[in-house]
Amino acid sequence: TANIFFTAVENSCTTNSDTLTITMESAPQSIEIKGDSITQFCYGDTVSLNVVYDGSFDVIWDNDSSLMSDTISFTSNGVHSVKVSSPSGKCFKTATSKFIQFFNNPSKPSIGSITQKNVFCEGSALELFADANQGYWNGNENDTRALYRSTQSQLVYFTAVNDFGCTAVSD
């Protein structure tokens, strides 16, 4: 910071100008958005992006003055940008994330039985199916068979999975 003023001399009379304060602020040398290497998510997920920068500066995400944190979470599609600036906002750098995309979850699957009954006699079995194209039974990602055969009383559920890896679980 420096104070500058001018002195004018005319006919042996001096006059000083008003004082002008000049301040030099530091600018961030580099900034980087971390956390956007994975860019595809399912609705209901949350993406956290973090800005890494050198020094002590102000941070604003997406030109929204309410989003002033080094780490911010998003739940919708978009390309997000961050501005790291000096306190006056005159010296700054910006960075932009990759496009972050959220995909729809599949519909909640329903389970039915071949015999249309959920009761069976001891020594027999009940065959169940789900109305989803792909998924797995009882949380076991390796159990992807079309029909589930139950030989005992138990709670059975099906997790539907779409092409994006998004899931929905039956009641």
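Which residues does valine 82 touch, not counting residues up to four places away in sequence? In this model, valine 82 touches Ile31, Ile33, Val51, Val59, Ile60, Trp61, Lys93, Thr94 and Ala95, where contact means heavy atoms within 4.5 Å. The model is predicted, so that local features need pLDDT of at least 70 and side-chain atom pairs count only at pLDDT 80 or more, whereas totals for chains, interfaces and linings use all residues. Residues are numbered from 1 along each chain as its sequence is written, and side-chain values use heavy atoms, with hydrogens and water left out.

Valine 82 also belongs to the largest nonpolar core, which has 17 residues. A nonpolar core is a set of buried Ala, Val, Leu, Ile, Met, Phe, Trp, Tyr and Cys residues joined through side-chain atoms within 4.5 Å. Buried means under 20% relative accessible area, exposed means over 50%, and partly exposed lies in between, as computed with a 1.4 Å probe on protein chains only. The residues with the most contacts inside this core are Leu49, Val51, Trp61, Val82 and Val84. Two or more residues each come from strand 5, strand 7, strand 8 (58-61), strand 9 and strand 10 (81-85); strands here are DSSP runs (E, at least two residues), numbered from the N terminus. Strand 7 makes the greatest contribution to the core, with 4 residues. A second, separate core holds 8 residues, among them Leu126, Leu128, Trp137 and Tyr148. In soluble globular proteins, nonpolar side chains tend to be buried together.

Strand 5 pairs with strand 7 (residues 47-53) in the antiparallel sense over 4 bridges, and lysine 34 stands opposite asparagine 50 in strand 7.

Another open sheet, also of 3 strands, has the order 8-10-11 with antiparallel pairing. Its edges are formed by strand 8 and strand 11 (92-96), each of which pairs on one side only. The twist in this sheet averages 20° from one strand to the next. Strand 10 and strand 11 run antiparallel and are joined by 5 bridges, with serine 85 opposite phenylalanine 92 in strand 11. Strands of a sheet pair through backbone hydrogen bonds, either parallel or antiparallel.

Serine 113 is located in strand 13 (residues 111-113) and is buried, with a relative accessible area of 6%. Leaving aside neighbours within four places in sequence, serine 113 is in contact with Asn118, Leu126, Glu127, Leu128 and Phe129. The C-alpha atoms of serine 113 and alanine 130 are separated by 8.7 Å, although these residues lie 17 residues apart along the chain. A polar atom of the serine 113 side chain lies 3.0 Å from the backbone nitrogen of glutamine 116, and the side chain of serine 113 also reaches the backbone oxygen of lysine 117 at 2.6 Å. Such polar contacts are pairs of N or O atoms within 3.5 Å; within protein, one must be able to donate a hydrogen and the other to accept it, and residues adjacent in sequence count only if both atoms are side-chain atoms.

A search of the whole structure finds 4 salt bridges, each defined as a side-chain nitrogen of Lys or Arg within 4 Å of a carboxyl oxygen of Asp or Glu. One of them joins glutamate 32 and lysine 34 (3.5 Å, N to O); glutamate 32 is partly exposed at 41% relative accessibility, and lysine 34 is partly exposed at 39%. Glutamate 127 and arginine 149 also meet in a salt bridge (3.9 Å, N to O). This pair links distant parts of the chain, with glutamate 127 in strand 14 (residues 126-130) and arginine 149 in strand 16 (residues 147-150), 22 residues apart. Arginine 145 and aspartate 143 form a further salt bridge (2.6 Å, N to O); arginine 145 is partly exposed at 39%, whereas aspartate 143 is buried at 14%.

Note on methods. Two strands pair if DSSP finds at least two bridges between them. Axes are lines fitted to C-alpha atoms, for helices over the stretch in contact, and angles run from 0 to 180 degrees between N-to-C directions.
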